[in-house]
Amino acid sequence: MDGADALRIVLSAAGLYLLVLVLIRTLGQRTMANLSSFDFAAVVAIGAVVGRAILGYSPTLAAGALALVTLLVLQALTGQLRKFPMGRATVNNKAYLLMAGRDMLQRNLRRTHVSENEIIEKLRLSGVRSRDEVACVILEGTGQISVLRAGVAIERDLLENVRGSELIPDHLLAEPRA
């Protein structure tokens with residue numbers, strides 16, 4: 001492997017890394033949440049394809065090591081970006097309100113590719129027996145779904161970065177602290 005091959009591998013690894021990040025951001029955070037065995041098999045297969053694309057037609061141990069180091073460095077740099085507000089906004093997914101009180105928010109469900117059936121399943125898994133027990137349901141930036149129950153008022157700062165949180169009925173929110 002000469003210098004030109006090494007540069008090609010670094011640029012290919014960086015380009016494919018950015019492509020994967022853009023695809024995940026475009027397709028939504030649910031893409032990576034709770035991978036099933038089928039999803040895991042797909043990720044492994046995609047990884048093999050991406051790996052071959054990065055390394056080209058004649059991968060060697062040195063080329064594979066260089067690609068791996070490049071990907072790990074990019075992952076570390078992405079982690080460092082999260083320390084800054086603009087970097088967090090670029091790298092992290094937004095949280096979305098999916099249910100406010102008893103009401104499913106169809107627009108946010110469509111935007112996040114979450115179905116009503118998924119919400120109902122999550123409500124059951126959370127022990128909810130009636131929609132009257134629900135204060136809100138949030139799709140977190142990680143792709144996980146949180147269910148907050150009615151009964152104890154929600155502190156507003158817990159909803160600070162949740163898109164659509166203004167739709168939560170006031171009677172479910174705590175009064176702002178003075």
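**Figure 1. Salt bridges in the predicted model.** A search of the whole structure finds 3 salt bridges, a salt bridge being a side-chain nitrogen of Lys or Arg within 4 Å of a carboxyl oxygen of Asp or Glu. Side chains of opposite charge can pair when their charged atoms come close. The model is predicted, so local features need pLDDT of at least 70 and side-chain atom pairs count only at pLDDT 80 or more, whereas totals for chains, interfaces and linings use all residues. Residues are numbered from 1 along each chain as its sequence is written, and side-chain values use heavy atoms, with hydrogens and water left out.

**Figure 2. The salt bridge of D132 and R102.** The side chains of these two residues meet with an N to O distance of 2.9 Å. D132 belongs to the loop between α6 and β3, and R102 to the loop between β1 and β2 (103-104), so the pair ties together parts that are 30 residues apart in sequence. Helices (H or I, at least four residues) and strands (E, at least two) are DSSP runs, numbered from the N terminus. D132 counts as exposed, at 54% relative accessibility, while R102 counts as partly exposed, at 45%. In these legends, buried means under 20% relative accessible area, exposed means over 50%, and partly exposed lies in between (1.4 Å probe, protein chains only).

**Figure 3. A network of salt bridges through R129, E133 and R149.** These three residues are linked in a network of salt bridges. Between E133 and R129, the closest N and O atoms are 3.6 Å apart. The side chains of R149 and E133 also meet in a salt bridge, at 2.7 Å from N to O. This second pair links distant parts of the chain, with R149 in strand β4 and E133 in the loop between α6 and β3, 16 residues apart. Is E133 buried or exposed? E133 is buried, with a relative accessible area of 18%. R129 is exposed, with a value of 74%, and R149 is partly exposed, with a value of 37%.

**Figure 4. The largest nonpolar core.** A nonpolar core is a set of buried Ala, Val, Leu, Ile, Met, Phe, Trp, Tyr and Cys residues joined through side-chain atoms within 4.5 Å. The largest such core has 14 residues, of which L98, M99, V114, I119, L123 and V137 touch the most other members. Two or more residues of this core come from each of β1 (95-100), α6 (116-125), β3 (134-139) and β4 (145-149). Apart from this core lies another, of 13 residues, including A95, L105, C136 and L172. In soluble globular proteins, nonpolar side chains tend to be buried together.

**Figure 5. The surroundings of L98.** Which residues does L98 touch, not counting residues up to four places away in sequence? L98 touches D103, M104, L105, N108, L109, T112, V114, I119, V137, I138 and L139. A contact here means heavy atoms within 4.5 Å.

**Figure 6. Strand β1 and its partners.** Strand β1 is largely enclosed by the rest of the structure, because 6 of its 6 residues are buried. Two strands pair if DSSP finds at least two bridges between them. Strands β1 and β3 pair in the antiparallel sense over 4 bridges, and M99 stands opposite V137 in β3. Strands β1 and β2 also run antiparallel, joined by 2 bridges, and here M99 stands opposite M104 in β2. The hairpin of β1 and β2 has 2 residues between the strands, and in this hairpin G101 takes a positive phi near 60°. By contrast, β1 and strand β5 (residues 162-163) run parallel and are joined by 2 bridges. The bridge partner of A95 in β5 is V162.

**Figure 7. Q106 in helix α5.** Q106 lies in helix α5, which comprises residues 106-112. At 35% relative accessibility, Q106 counts as partly exposed. Q106 and E116 are 10 residues apart along the chain, and their C-alpha atoms are separated by 8.5 Å.

**Figure 8. The chain as the setting of the close-up views.** The chain has 6 helices and 5 strands, arranged along the sequence in the pattern α-α-α-α-β-β-α-α-β-β-β. Buried residues make up 30% of its 178 residues. Among contacts between residues at least 6 apart in sequence, 57% join residues at least 24 apart. The chain exposes about 11,500 Å², and carbon and sulfur atoms supply 62% of this area. Accessible areas come from the Shrake-Rupley method with a 1.4 Å probe; for residues, only the protein chains shown count as cover.
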